[in-house]
Each structure stands twice: as C-alpha cells, then as structure tokens.
Amino acid sequence: AEKINFYANITAIEPIIDDFNSSHTPGAIYTRISTSKYLATVLTEFSAGKLRADVLQSPLPIMQILKEKGVLAPYKSAAAAGYPTWAQEDDSIIQFGIEYVAPIYNKDLVKPEDVPTRYEDLTDPKWYNKMVMPDPASHATTISWLVGMKEAKIFGDDAGWMKFLKGLAANKPMFVKSFGPTPAPIESGEKVLGISMPKYIISKAPAPLAWAKVDTLLGTPRGIAVAANASDPKAAQEFVDYWLSKNAMQLLASQVGEYVLAPGVFPPIDGISTVKVLPIRSLSDDEIRSWGKEFRKIFYEK
Amino acid sequence: MEIRIKDLTRTYYSEGKQIKALDHVDLTIPANKIFTLLGPSGCGKTTLLRCIVGLETPDDGDIYIGDDLVFSKDKGLFIPPENRGLGMVFQTYAIWPHMNVFDNVAYPLQTNRTPKDKIRQQVVKALKFVQLDGFENRPATKLSGGQQQRVALARALVAEPKVILFDEPLSNLDAKLREETRKELRSFLTELKITAIYVTHDRIEALALSDLIAVMRAGKIIEIGDPKKIYFNSDDKFVADFIGRANLIKGKIEKQEGEHAIIASEIGSILALNSQGISVGQSAMLCVRPEFIRLAPEQGKQGQNIFSGQMESLIFIGEAYEGEIRIGDTLLTTTIEPTANIVEGDKISISFDPDHCFLLSA
Amino acid sequence: MEIRIKDLTRTYYSEGKQIKALDHVDLTIPANKIFTLLGPSGCGKTTLLRCIVGLETPDDGDIYIGDDLVFSKDKGLFIPPENRGLGMVFQTYAIWPHMNVFDNVAYPLQTNRTPKDKIRQQVVKALKFVQLDGFENRPATKLSGGQQQRVALARALVAEPKVILFDEPLSNLDAKLREETRKELRSFLTELKITAIYVTHDRIEALALSDLIAVMRAGKIIEIGDPKKIYFNSDDKFVADFIGRANLIKGKIEKQEGEHAIIASEIGSILALNSQGISVGQSAMLCVRPEFIRLAPEQGKQGQNIFSGQMESLIFIGEAYEGEIRIGDTLLTTTIEPTANIVEGDKISISFDPDHCFLLSA
Amino acid sequence: MFKKPTLTTTLIVIVGFLTLCPVIMLLLGSFSADFVSFGQFTTIKYVEAYTDPDFAAILWNTVLFTGGSALVATLLALFLAYVNTRTDLPFKFIFKVIAIVPMMIPHILFSVSWVLLLNPSNGTLNRLLMDLFGLKEALFDIYTLPGMILVEGLLDLPIAYLIIAPAMSAFDVSLEESSKVCGASNLRTLMKVTLPVLRPAILASAILVIVRSLASFAVPSVIGMPGRIYVLSTHIYRNIATGFAADFGKAAAIGMSALAASITLIYVYRYLTSESGKFVTISSRGFKPTMIKLKKGKYPLFIVVGFLSFILILLPVMVLFYTSMLPYSMVPSAKAFAMMSWDNWTEVLSDPISLLSLKNSLFLGVVGATIGTTLSIFVSYVIVKVRSTASGILESLSFLSFSFPGIVIGVGFMWFFVRTPIYGTITALLIGYIATYLPYGIRPISSAFVQIHSHLEESSRVCGATPFYTMRRIVIPLLIPGIVSGWILMASMFLRELTLSVVLSRPGTEVLAVQILNFAEDGLWGPLSALGIIMIFISSILVIIAAVLGKKLSKMEVMN
Ligand SMILES: Nc1ncnc2c1ncn2[C@@H]1O[C@H](COP(=O)(O)OP(=O)(O)OP(=O)(O)O)[C@@H](O)[C@H]1O
Ligand SMILES: Nc1ncnc2c1ncn2[C@@H]1O[C@H](COP(=O)(O)OP(=O)(O)OP(=O)(O)O)[C@@H](O)[C@H]1O
Ligand SMILES: [Fe+3]
Ligand SMILES: [Mg+2]
Ligand SMILES: [Mg+2]
C-alpha cells in the first residue's frame, strides 16, 4: 500500500507525522505548501488529474474553495466528537485549530508596567517606530484579522475600531510580508512589540517573547479534509481520525504552540487556557481585496 | 588541382557604402603551379582567398576545385572549408595561443587521425623546414612575430595538401630569411606538385616565386601572365607601374617602324616597342624601368633615345643607388650601379634601349 | 633628442629556460637622426624598443632620453610611458577597434587638450600623409591589414613628438606604397628634426632610410655604423651576411699588398681589401656581394680575380636575375642584368673587383 | 561554421521548448478567468493590473532599483576585476573568491544580515558608529531605496564579476600600450580604451543584473516592504497575497511588463554590440597580459580593497555565522556571546530532510551546471558568430523564463510540468533550473566568445577540422575562462535555487533552498544561518574545483 500523502500549510508538524508513522503502516508523508501557493498547486494538480494528496489541510477559506471545486470528499470524523459544533458542521471540512494572532513583545525590553493589556494600548504613541506587523494592505490573514476585530466588536462600535486602526497606523509599524518574519525583529530588539502569533513563544524558545494578555484573541480557523480522489479513502480517513485525536492535538499544542479545538488541550503558554479565542468569519477574496484597499489608505497615509 | 572561378562577386557594406571587394572575378588557376595574386592593399586579395578556401560566402558565382564544384550560387551549393582539403597560411598567423608550437603544427594531422609517431615525424620535418627545430615545446604566445609566422607556415605544409593558399606568409620575416624561405618554398612547392595560391604585395616575391601572376585592383583581375610577360610587356599601365618601379612618360605616337614606334614626349622623341600596336596619332604612355636607363657622364651628344639631364637625388640601397634624374619637368627614377662615379647634381646623359621600353595605351 | 642606453638587460623565462632578449646593450642614439635597429627575427629589437618607450621594465641598466633619466635600475627610477612623450608605431598596429579612423588618429592630440579645429587639421594632414584621406569615418575594424598599419603610422606622427619609434611599420604595405611611404617618411622625419628609432628586418629599408644602423643579434648590438660602412666594410661576418646578400669564401691570407691582401681560397687566390688588417697566415673570410661579381661569357682567360664557372640557376626578380654560379664545390650568388644573354647551364667567366671584395676575420 | 541554419534551428527548438512552455502557460493563465492556465478567457486581469493607480510609482521605483543595482554591481565588478586581473595587488586570489561569495548565499539570508547590520533602530554597524562618533541618530537606514540598491547590487556582484573578469584578463594589451605611448594616463587609457573595448562584457553584466534584480524578491520583501518601498516583484506579491486564492494569472499579467522590458534590453544590447569585430581582443598574435605595477600604491590599495570586501561581503557572512550560533536573533552583547552554542548546527546536520536536500542540491548543482554550460556553449556560438535574425530570437528565448519575476515563473513551470510525466521528479527541477538560468551560462561564455579572433577558428577549419573538432580543440580551450564562470554561476545558483524549487519540489526531491525557506517562514534564523554557511562551504568547494579544473583544461589540449 502507498503512504498517505498529506498536503498541509501548517508547519513544524514532523513530531505528529513521526508519531503517526510509529503506529501505522505504511505511514504518511507530509508535503509542505505555503499558503500563497496552496490553491494554485492543488488546483493545478487536480485539474491535470495528478493530485497526489489523500488528506488536505489549509486555512478554512482555502478549504472552502477546494470543496467548491470538488477536490474534497465528504467525511465526518468521530474523532471530532468533543470539538465545538461550529467546527464540525461541514460535511467535508473539519476545523481543528485557530491560527491565533496576538500582540507579542520582547520581555527583556518592555517593562512589565508598559505591557499592553488592551488592543487600544497599541495605539499609545510610546510605541511609535517600535512595532512590527504583517502588511495590512496585502496579507490576507492580517486583513481578515482586522476585519474580524470589527465584526467581533472588540472596540464596541465601528468608530472605536476605526480609531484603533488610525492609532495603530500613526505609530508607523514596520510592515513585513507575513507573520513568519514578525518575531525576528522583536527578539533582536530592533522593534519591541508586534502583531504576531503566540505560537512563536513555543517554537522560538528561549527567545524573550511573551504575549500581551488582551482578553479576546482572533484567528483564521484551520481545516482538514479527505481528498475526493484519495487512493485509499479508508486510510485517509484513518489519518484524519488520528490527526483529530487528543493525542495528536496535544503534540500540536505542546510542540508547535498551535491553538487547537480538541477539548481541554492548550499550548503551554501562560494565560492561553483562559483567554477567549474566536474564529474569524471566512471572508471572500473580493472582500479581502476591498478591505486591503481600505487599509492601504489608512496605513500608508503619509 | 586546377581551380576555376566564375563570375565571383563579394560586396561588403559599411557605413551605408558598398565596397566591391570582388567584382565579377573570372579566373582559372592551373594545377601544380604557383599562382600569385598581386595587388595594392585593400584590392580584395584576401577576400578572394577566403572565398576559395570557404571562409567567405560569395554573393554570386561558382568555384571549382579540381572537378568538384565547391561553391555555386545558382545551385545553392557550399562545401565547408574542412571538406575542401586545402592548406592555408593566414595574414594574422592565427596561431592558437593555448597550444605550444608542436601542437599547433600537429593539429592538421590530428584532425585526420594520423598515427602518433607519423605525426611527430612530419611535425619535426615541417619545423625543420621553417627553421624552428627545437621550438616544439615553446608556448605559442612566447614567440616573436616572425617565429609565429613560421609556425603558421609549418602548420599549413605539414599535411601536404593538394592546394595551399598563402596570405602574405613572408611579410614579417627578415630579408635574409624571407629570401631563403622563398627559395625553399619554391623548391618545396615545385617538388610537391602542389597548386599554390599566393597573396602578396611584394613584387619581388611575386616575380621570383610565381609561375603565373594575376594582378588585382579594386576587386577586379586586371592582367594574368607569367612574371616576364607581366614585367616586360604588360598590357596595362597600372600593372606596369605596380609590378616594378616604372617611369611613365606621356606622349603621342608619331611613326611606326616595324615592331617599334616613335613617340613624341615631353622630353623628346623616343623609339620604343609597340607590341600593343597603338596606331599613329594616338596618345600613349612610354614605360621605362629604372634598370633600363643607361647613364653616361654628359657628353653633349644627341641621338636616338639619348637625353641630357641632371642627377637630382641618390639613395643608397646597398646593391645599388636609387637615383632621380631631372630632364626638364620630368623626373625619372633609375638604378645606378654602386661603382658608378656619380654624385648628386652631376649633369648626365641617359639613353633608353628601344627594346626595353614599351608603349601602353594611355 | 639624444637617447642613451647603458648596460640594458632584459631576460625572459620560458619553460624553465632563460631567453636573453637584451644582453647588456650599450647604445647612444644621436639626436635628430634616423636610427635603425636591424636584425633577424627574435633578436630583441622589439624588446629594446619597448624598454625605451617604457612598456617593458628592463632587469638592469639605465635609459636617458635627452637629459632625462627615464629608467634606472640602481636609482629605482621608472618613468611611465605616458610621461616619456614619445610616439610609437606598433608591430601589431594596435588600432583601437571601437573607434573610427579619425578618432584613432586624433587620440594623442586629445590627451593633451589640443583645440578641436587644430586636431581636425592635424589629423587630416596626417591621414593625407599616409594616403588615407577620406577614410576618417571608416570603423577601424573595416580596414585591410595595410590600411590599419597606415592608421597606426598616422597616429604616431600626428602629435609631432620629439622622438618617434617604429616597429616594422611598413611590413604590411605593398612594395610600391612601401617605397613611397619610405621616401616620404624620410623627408618628413628629416624635415621635422626628430629622432627616429626604426626597427626593421628589411635591409633595403634600413639602408635607404637610416642615418645610422645598429645590427642586433641574440640580444646584443654587434655593429653600429652608417649604411655604407655597414654594407661595404662591415667588421663582422654576421653583419656582412645579414645586411645584403653576400658570398662568403673561406681562406688563408697569403700576402699583403698595400691596402689589399691575397687570400688563398677554395676557388683560387683572390686579391681583396684588407681594411681589418688581418695578418698573413691567418684564416679569413672573403666577402663579395652579388652585384660586384662581373660576368662574361667563358673566354678561357685566367688572371687576377678571374674564375671560370657554370650558371647553376637563374631566378627572375624583375629588375634583374638572381643567379647561382658553381665553381667547383662553391656556389656564388650573383645579380645578373636583365639584358645579359645568359641561360642556365652556360659556362661563364667571373671576375671580382679587388676594391669591392673585403676580408673579415673568420 | 556549422550548417548554420540547422544548428540555430535545433537550438531554437530546444531552448524555445524549455523556456517558452512555462511562459505560454503563464500567458494562458493571465487570460484565464480561473486559477489554472486553461480557464475561461478574460482580459480583466490585465485591466486590473495596469489600471492600478500605484503602478506608475512602482515602475519608477523598479527602474531606480534595477538600474541602481546594475550600476553598483557593475562598477564594483569592474573595480575588482581590474585590480584582480591587471595589477600586482598582493593576495589577489582572496579577492577573486570574495567577489563571488554573494553568489553562494541565499538572498534572504544576505538581506537579513544587512538588516541586522544597518537597521536604524539597533543595527550593529549603526550602533558602532553612533558610539564611535557620539551620534544621536543612526547614520544609515537600510530600509530605503539606496539600501535596497546596495544589497541587491552586492548580491548580483558575482554575476557582473564573472562576466567582466574573463573579458578583462583576455584583453589585448597592445591596445592599452599604444594608448599610453600616445600620452594617455592609466586612467584615461581605462576610460577611453579599456572600458569601451570591454563594452560587450559590461553591457552583458549590466543587463543580466537588471533582469535579475527585476525578478528578485528577497531584497524587495526583506528590505523594501519594511521601508514601504514597492517594486514590481513585491507589487506582484501583494497582488497574489491579498486573498487566499492567490491569483497567479494576474501576477503573470503584471509580469508580462518585466518580460517586455527584458526583451527590449536584449535587443538594445544586441544593437549596441552589433559589430562584433570591434571587440575582438584575443588577437591571434598571442596575448601576454602585463601587470600594472602598483609600486607604492600597492598596500594602500590593498587596504582599500580589503576594507571594501570586508564591509560589503565578509561582514554579512560573519553575521550569518554569528546568527547560526545563537538560539534566536540577538544583537551582539555579552549575553549573546554567553548563549552561543553549536545547537543549530547539530540540529541541521542530524535532520534527515536537510541531509537529503543537501544531496539533491549537490546533484542538481553539479549535473545541472554541467548540462547547462554545455548547452550554453552552443547557444553562445550561435548568438555570437551567426548573428542572424534567428540568433536574435534564440538570444531572447534564452532570457525568457529568466526574466519573469521569480514568484510567477515557478507556477508557470508547475502548470507546464504537470502535463508531463516528469512532474514531481528531480528531473523536472533539473530541466526547470537549466531553462531558467540559461543566461548565467550564456552571458559569460558569449562575452568570452566575442573576444576570439575568427581567424583562430577559421584556420582550424582549413586544417580539416570539423566544426565539432574545432569546438573541442580550439574554441572551448580558449573559452575556458568564460565556461568556468558560467559553470560557477550555474552551480552556485542551482545549489541555492528557490523560486522554482518551492513549487516543484516534493517529498523525496527536497532541495536546500526549500529547506531554507521553511526555516525562514518559521522564523528560525539560527538553523537557517547554519544551513546557509554549509551552502557557502559547498559552493566554495565547487568553485575551487571548477577553477582548478578550468586551469588544467585550458592547458591540456593534446587529448588523443
Ligand atoms: N568585413 C568587412 N566589412 C567591410 N569591408 C571589408 C570587410 N573585409 C574587408 N573589407 C574591405 O574590402 C576590401 C578588400 O579587403 P581585403 O582584405 O580583401 O584586401 P587585401 O587585398 O587583402 O589587402 P591587404 O593587402 O591590405 O591585406 C578593402 O577595402 C576592405 O576595407
Ligand atoms: N613575454 C615573453 N616571454 C618569453 N619570451 C619572450 C617574450 N617576449 C619575447 N620573447 C622572446 O624574446 C626574444 C626577442 O623577442 P622580440 O620580440 O624582441 O624579437 P624581435 O627582434 O622583435 O623579432 P621580430 O622581428 O620577429 O619581431 C625572442 O626569442 C622571443 O621569443
Ligand atoms: Fe534573489
Ligand atoms: Mg589581405
Ligand atoms: Mg618584433
């Protein structure tokens, strides 16, 4: 039998694959595809009849497009039993985690009393020239995150939200292309604070990173599904079951720092188990683009 | 092998101007002869050679080497140079800088898989011929100009081709070596029974070496003939002037006397050969070569073909002096024996042998 | 300007071997003369020129140009070429391929900020001198070999330097143009009152052009003298042989008679000039130039300096024949008048003028 | 020399197939309403791409960025090449190596190193200067257009150097000598004779650098984005990334302007060097490059060159090494030095995927560069010696996939290879690499080609040698400096190739750069730097082997 081909955009999951392979034959292989190339790759292979993936994992909006194109097979896993209902409503895509975003700071350089406790604190002029964040005009996840803040009414009304945006823009954060390059400047002290992901506190230890304990975190849900043309659908389903198991999710949380939806499993980061982590609504690409344009106006204003 | 060239044309374009490097050249080069292309710089000698050897594609015409058509515009035929089996010495030597002398010379033999010891033997022979024995391992870049040219010569000879082409191969050799090489080349070429096409602008080389000389000018062949014909009895003023130093004196034919004619010139009446048969009353040009002007100290005597003049300048060139004699407005060049007792300014009397001055249509 | 060279040495290393290109050369080149370096290929002429001009750093010695020391090993002095203010024509032309003819020639003037119209005027004059008027805009790459050399000549002359160096500037010109250019060059150089150093291996060029000739061999200067001294009365066998065709006959001095001596040679006793004063009983070498061998049809007559022989070969070289005469085992080269009525195989009688054959110590 | 049309046609077919296929796929994609190349026809992507109000400003930035990088790279290369090949500078060999080091460093790493050195907040160099001179403000800000130009220029320096240096060393010195005798100083000779005659090499290097920096993404994203300076490649990225369904068709539509610019440049280049005879410098009379004796200037110049090389090239490499020893990014401090360890190195060297990718990349580097240079030799021959319209087409074709912005061309290849059986294999990578980086072989080889006097080849033909024999015995040995340059450029490029690998590499065919990218995306600069240093090390070994072999080959002409 062939190995299960697992296409994923989530990174650093080797420990989980290793664990799976230690108990299953023939095991699985992991193909890492970055978010920006995910859809192009899968659809190209699919339309040429060469899609190798048996199981697919990516951010929810991408999974939804794949489903629309008929790439995914329906499967409801029993392993998702304890998950929130919204995470298992779909007949193909199971949401298992949230790509959560938070303000991250350098704990060596930010005095405890200065650490933000609310998102509004990020607009304090004392952070002028001291922040880093992904480009709010182009980075899809960041755009979704900003829109998510509005829809979750973190700042009460839209005016409060707009004030937050303007205040953030006024602090002239440094823009990088995605979340990947956000922790480095914070670690090195080039900047001290940034909009980044708490998982780096785990993956980049012992870097002096910590997250500012705001009360609600938002993030894009991560989905997993079986491919419609999986060479061995049974095996693929088995892999999904394993992936959703508490055991695998525990590994994902503790080794990678991911926020997972398995009940009672949390990454070993101080305060995460108590914070509210909300999924962001799947925005369509048109929506993202038009918001991107809006944000460009706000953030790139001279 | 005989080489036949029909209506060959090659035009270059430069700054919007046409340069007719070859202008409808028709030519037959007989087998096993030394055939020389002589002409002033830029007249198209190199271009003609390159067309024969296959490095240049003519615009028009046909070329036969032996019985093989190697180029034909009409038939769209072009045999590449390596299949024409010719040898060539380039004007720029074209010595390969990354090889030593031995490898440069051995190259033509290596291309046709000659056995190693045969190669060595042939190369040694060829290097000996050009007096470069012992230079086998010298890198080609560490040779003086003349040494490089000799390597090129050895390389062209080594494979003993049926036809060999030379583009001024001796021009960088010193006179002594040039003379020797020229002689050896001649005996070597004659002995080999090889067709040689030789480009030069050195008339002595052309005269001494050739069986046949073709004189070119501005892309055209003007005259072909054996050395003596060309030298003594050329049909063309340009050729007569180019092949040797010549004194050309304008005049009009006055009277025909057998083979000779009397021409009325600015220095007086002169009796001269009229082999072109220029008719009485026509303008003509008298050609006298310097070595056929006899000198004697001024004797006041006047007679047929005797004139009085003055020695204007004398230049020592070793075996003789080159003198310039003024007769009225005319300046004649002459060769003067080293033993003659003449100095600049002397009044002298000169005479022309009627059999050694000839008339050309002007 | 006078140029003084003291104990100049330049050694190259190649394949572990030393090549003494210049071997302790001492030389004074007088001001405003045409000084020629003559010698066989590879003897170091180019190297000497390059040392003077500053392109080569000698291993040892001093060079003065005028009163300025431009190179001194001992003082660690080396003036770079651009500050020596000399003109030079290269053996390889060194025409800049990216410029047209005008720019090539104008270059030396542009380096010293001559006004534009002056430049144009000078360039036109120089191009006219080398018969390239009208070629101003031709790209340098689209010139024939000879044309390129003329551009190089024009470039060296255009700035009218005090000293000008020529490395075989005429070797690619055709005979006619060479002769003309040589003459014009001579009058031009004389008129300019310029010191000219001229490298050539063409003896006629050397004899006709020079005020002084230095003959080189294997990195050494062997003899310096004016053309006639070198030609008629050289002190050295190699020089005598190199400067013109020479018949060298070995023998032993038998008797001294005033300025002359009788030498016993393989062809008999010969009376000859003994200006080196070689003493009786010593071995010597008789040198007779071809043009001083008189021919007559065999008359059976025997006498002082008259010998019988046979015409072995005759080569037509235009103004004369080159003949080889066999007397026993000895082959003598001679020049034969074109009008002489001799064919190969003829028995002939030859005579030497005692004043025109000279003795060299063997 | 070959039956010219046949060779030219064959090459056009091969090269055209290799480079045109992905580009055609992209073209189709740019007109396709879907995310794949064969969708419903639409022109909306072009309309959107070219009506973007920012587009003009971005183009202007792009012009400055690419032109500036070309200037920096070419000037530096000229300087280094001149000093290295024509003067008796001490320890020249060191500078020869240094000049090609940036070729071996993954561009992201080099860019990040510069950020660590020169960012205005706590860049190490900036802080050093501030302490030294008691300044209040940082002296340099890397996040500016000049900063981008500097770093990109340095990254592309090896390209320029490897094209210019061989040309410089093959120069016929009598051309310079005659200039000096004419009274021109060394400087004037350089400006009026040396540089003009070297024009094909200089232009070739400038054009290659322009095209390369047009496609470059590392510097614009790591340095440009934080400085909010967008150029074409980041503009394309912005268009792709805004939305989860990345639209490569639209990216291709934007990329078409880069393609148009590159092709225009190639024609300009051909026009400017159309009379190849002007640049023949290896005359058949042999060349003996003489050294300019620096004398007293020797050591001061050594210090200048040494200092330049140190600051511009060695320092960033040292930063890499420093980073590889640290658990996370830190500015140099007592604490940082206390935390140094070999952990990242052991991690990288014990990671099976890193090791596999090392093996794959080495294979691709050596085999790919060898095939690539071989193909380049033939293509260069046609480009230089045939010079017909067809050869012009060939030259443009060879630049086709090279001049497409990196993030797009990979997708083009994916769209193309997915329709072939080699999809997902290492062969696909090999072919893709060669097709894309053909100009790295062609440029140095063809600029070496123009310098060979045609008589050298012609005399071989007349000696009875076939074109291929001539190629083997005469042309290739004389081309060795160019071939070595081409091979080095290709091998070190293939060793760190990213843009294609990231789409074409699959489990089993991992390559180094993908590994690097994965580390970069996870922000793991430590292992990333360690792997980077390993790459530099391997590349250096390849370079040394190539150089030594090249020297041997150019001497060894009698083989059977
Ligand atoms: N590639 C070219 N492009 C343009 N013109 C050329 C080219 N090659 C030669 N010519 C011109 O064609 C003419 C004939 O040139 P060719 O080289 O055949 O002369 P040549 O008789 O060999 O002269 P030389 O004795 O100086 O070598 C010259 O006027 C030359 O300038
Ligand atoms: N760079 C070099 N390396 C080694 N040997 C050299 C070098 N340059 C010249 N030679 C040798 O030095 C000697 C003198 O060379 P030079 O060029 O001065 O000769 P030349 O008299 O000018 O000869 P020609 O008349 O052939 O030009 C020759 O034997 C030559 O081979
Ligand atoms: Fe790059
Ligand atoms: Mg010619
Ligand atoms: Mg010389």
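C:Asn32 is partly exposed, with a relative accessible area of 37%, where buried means under 20% relative accessible area, exposed over 50%, and partly exposed in between, for a 1.4 Å probe and protein chains only. This is a predicted model, in which local features need pLDDT of at least 70 and side-chain atom pairs count only at pLDDT 80 or more, while totals for chains, interfaces and linings use all residues. Residues are numbered from 1 along each chain as its sequence is written, chains are lettered from A and ligands numbered from 1 in the order in which they are written, and side-chain values use heavy atoms, with hydrogens and water left out.

**Backbone features**

C:Asn32 sits in the loop between β2 (17-29) and β3 (34-38) of chain C, where helices (H or I, at least four residues) and strands (E, at least two) are DSSP runs numbered from the N terminus. Although C:Asn32 is not a glycine, its phi is positive, at about 55°. As background, most residues other than glycine have a negative phi, and most peptide bonds are trans.

**A buried histidine in chain A**

A:His139 is placed in the loop between β6 (131-134) and α4 (140-151) of chain A. Is A:His139 buried or exposed? With a relative accessible area of 10%, A:His139 is buried. When neighbours within four places in sequence are left aside, A:His139 is in contact (heavy atoms within 4.5 Å) with A:Pro134, A:Lys177, A:Ser178 and A:Phe179.

The contact involves 56 residues from chain C and 55 residues from chain B. Between the two chains there are 2 salt bridges, each being a side-chain nitrogen of Lys or Arg within 4 Å of a carboxyl oxygen of Asp or Glu. One salt bridge joins C:Glu322 to B:Arg182, with the closest N and O atoms 3.9 Å apart.

**Ligand 1**

Ligand 1 lies between chains B and C, and 19 residues surround it, the closest being B:Ser41, B:Gly42, B:Thr46, B:Thr47 and C:Ser144; a residue is near a molecule if one of its heavy atoms lies within 4 Å of it.

| Residue | Part holding the N or O atom | Distance to an oxygen atom of ligand 1 |
|---|---|---|
| B:Cys43 | backbone | 3.2 Å |
| B:Lys45 | side chain | 2.9 Å |
| B:Thr47 | side chain | 2.6 Å |

Technical notes: Polar contact = N/O pair within 3.5 Å; in protein donor to acceptor, adjacent residues only side chain to side chain.
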